[in-house]
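Please keep the structure open while reading the sections below.

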Amino acid sequence: MSQDLNSNEQSCAAWIARFLKARGIDRIFGLQGGHIQPIWDHIARQGIRIIDVRDEGAAVHMAHAHAEIAGGFGVAMVTAGPGVTNTVTAIANASLARAPVLLIGGCTSRPQANMGPLQDIPHVDILRPVTRVSRTLRVPDQVVRELGEAVARAMGDAGEPGPVYVEIPTDVLRTTVPPQLVLDEWMRAKPQRLLPPDPDLIAEAVDVFWQAKRPLVITGRGARHAGAALVRLLDATGALYLDTQESRGLVPADHPSTAAAVRAAAMSEADVVLLIGRKLDYQVGYGSPAVFPDARVIRLADNPGELIDNRRGEPELLASPQLALEAMVDAAGNREPAIDRNWADGLRRRHRERMASSAADKKRPLTGTDGKIHPRVIFDAIAEVADPDYVAIADGGDLLSFARTGMQATTYMDAGAFGCLGVGVPFAIAASLAMPGRQVISANGDGAFGINAMEIDTAVRHGAKVVFVVSNNAAWNIERLDQEMNYGGRVVGTTLRHSDYAAMARALGLHGERVEKPEDVRGALERAVKNAPALVDVVTSQTVVSSDAQKGLGFVPDFQALTAWDDAEIKRRGLK
């Protein structure tokens, strides 16, 4: 006979579910277990959608993507022990991406603590280094308040945004909390905080940037909500513009300031760089004078973590990027920028010529020397088939260098600064569920795809209309090429099989096609779009050397990620 052990509407678990509902959460991602069942049940009773996954790490990846694409914060929920430990890599990825994720974990009851109970392990200690806060909530009438604090920290109210971890003992979840002990302000959603800029610093930034002869703007995560203000600044100054993985699609690809095809020249020749919401990590050469030899840096961000790493700004503005950029243009008024038009026009022309040459090159090889499909064919087909507003998700090592240039989309996510392979499938599922009216295409290397391949079952079960494309070259190819070129040709542990991923997809209920000829890729992709969720398994070449492999990204030089930058750094340090 069925009984209801979770009928108490004043239990701590019930308050947690109402808190999430009040904060606008309409879905959570997770994998059920006994330690979290009381919350899980109340969440479902609140009408919050539960996206149940096949692995807890995928749940966190989905919450991460949901937060970035839908806004606000994403929520994942997992049970104790391996449920929590399975999330560590995904939480670390969200931490480096500064993505606001609330991870709710299960833990044993207080009476059983430190006695050797089921799945008991110090989750809080494990997750503390990769979260903004990691806590066990032990006092029932304080749980909702502490949840509110955790969400505030995830959103960046105490510094850098990023993931937070909280766990609640099972006996606490079952404890009754009288309504008078839960304050209304704990439950209510809080408005987005917009930091106004300091007028004196705005004036200094205008003086520096408008006097620049070779101004360059580089954006990251913190600029995502400032697209219109950024375009206004670019139009007012004529500065060149480079996006990064964190801000792809923020400025239209055909905007006159865009200089992606001459990135190296723009960085090495700029005399002032305006860095907006972007850490100076390996992807931008740590801001080193070896990479930016002539540049003064202006730094603008809404949190100190994006101001103080590696190279300081002159000036530094701690402010909402949107408000600060608008203030800069307003303060400049009709002031004429000092930009060297010949320099800017010359780089723009080279950018356009390179882009046009690449697009018009009909003689580009369609296969590698092994006769298998060139991976670029995948992205040429996507460009022809995809809707103008499609969502692009890219995942892989070697494949990423093709995806970064081949997937031109206003909404784009990839493996990020952590290089976290395995995100392609869960990111795409979360994107499709968050934006069901938009086409979502996920391009994956076969190695990366395998990490969360079973989540295509989640796509089917929850109606995520994703098109998954697998570049199947039977290798971890950037590492295989590194071994082949730099380690005497000793290729060990970096080859896979041309496994039939299309057959796997069909077995799990997707439309699946395997493609072995270049001329068949577009047709397969068109059918996949019409029959999503779908998977296209493209047998690609191992012999094609990507631009990342050519630049030494798989080699790991001593000082910089790319060999050209490393050579420049060695020279700067007087070591050569």
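## Helix α15 and its surroundings

Helix α15 (residues 376-385) has as its buried residues Val377, Ile378, Phe379, Ala381, Ile382 and Val385, where buried means under 20% relative accessible area, exposed over 50% and partly exposed in between, with a 1.4 Å probe and protein chains only. These buried residues pack against α16 (399-406), β14, β15, α22 (521-530) and β17 (534-539), contact being taken as heavy atoms within 4.5 Å. Helices (H or I, at least four residues) and strands (E, at least two) are DSSP runs numbered from the N terminus.

The model is predicted, so that local features need pLDDT of at least 70 and side-chain atom pairs count only at pLDDT 80 or more, while totals for chains, interfaces and linings use all residues. Residues are numbered from 1 along each chain as its sequence is written, and side-chain values use heavy atoms, with hydrogens and water left out.

Strand β14 (residues 440-445) is mostly covered, with 6 of its 6 residues buried. In a regular strand the side chains alternate between the two faces of the sheet. Val440, Ser442 and Asn444 point one way from β14, and Ile441, Ala443 and Gly445 point the other way.

Strand β12 (residues 391-395) runs parallel to β14 and is joined to it by 5 bridges; two strands pair if DSSP finds at least two bridges between them. Within this pairing, Ile393 has Ser442 of β14 as its bridge partner. Strand β15 (residues 466-472) also pairs with β14 in the parallel sense, over 6 bridges, and there Val469 of β15 stands opposite Ala443.

## Arg221 in its loop

Arg221 lies in the loop between β7 (215-219) and α11 (227-237). Is this residue buried or exposed? Arg221 counts as buried because its relative accessibility is 11%.

The side chain of Arg221 makes a polar contact with the side chain of Asp302 at 3.2 Å; a polar contact is a pair of N or O atoms within 3.5 Å, and within protein one must be able to donate a hydrogen and the other to accept it, with residues adjacent in sequence counting only if both atoms are side-chain atoms. Leaving aside neighbours within four places in sequence, the residues in contact with Arg221 include Ala97, Arg98, Pro161, Glu246 and Glu306.

## Helix α2

In helix α2 (residues 37-45), the residues Pro38, Ile39, Trp40, His42 and Ile43 are buried. Gly47, which follows α2, has a positive phi, near 85°.
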